[in-house]
Amino acid sequence: QVQLVESGGGLVQPGESLRLSCAASGFTFSSAAMSWYRQAPGKERELVAIISGVGASISYADSVKGRFTISRDNAKNTVYLQMNSLKPEDTAVYYCNARFLIHYSGSDSRRYDYWGQGTQVTVSS
């Protein structure tokens, strides 16, 4: 039901740019915080950037501040990650994540956490 489909990954040289897209379906997109994570071989998955439901709150990992920009288009149910000035250390599989709460009654709620399949970004000379 819930689907997150990433696209836009590929092979680029250092200093070049890529834009990743994540198309979402199966939930109320504007109610979800959307984020991008990445995982390099042998390393833990790390949060790259996160954006709140209507885009009012944004946060980035220190390693990408000033180079990456997360944005969302709620009319298209899509979140983006614009990656500029790419470095070899940015090489990783990039994953799209959605988090949201569903309130069932007074104090009864559940947190949901969904992941896409990932898209490979390789930065190499």
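Guide: Q39 sits in strand β4, residues 33–39; strands here are DSSP runs of E with at least two residues, numbered from the N terminus. This is a predicted model, where local features need pLDDT of at least 70, side-chain atom pairs count only at pLDDT 80 or more, and totals for chains, interfaces and linings use all residues. Residues are numbered from 1 along each chain as its sequence is written, and side-chain values use heavy atoms, with hydrogens and water left out.

Visitor: Which side chain makes a polar contact with that of Q39?

Guide: The side chain of R45, at 3.5 Å. A polar contact is a pair of N or O atoms within 3.5 Å; within protein, one must be able to donate a hydrogen and the other to accept it, and residues adjacent in sequence count only if both atoms are side-chain atoms. A polar atom of the Q39 side chain also lies 3.1 Å from the backbone oxygen of K43.

Visitor: Switching to R99. Buried or exposed?

Guide: R99 counts as buried, because its relative accessibility is 18%. R99 belongs to strand β9.

Visitor: What does its side chain make a polar contact with?

Guide: The R99 side chain pairs with the side chain of N97, at 3.3 Å.

Note on methods:
Helices (H or I, at least four residues) and strands (E, at least two) are DSSP runs, numbered from the N terminus. Buried means under 20% relative accessible area, exposed over 50%, partly exposed in between (1.4 Å probe, protein chains only).
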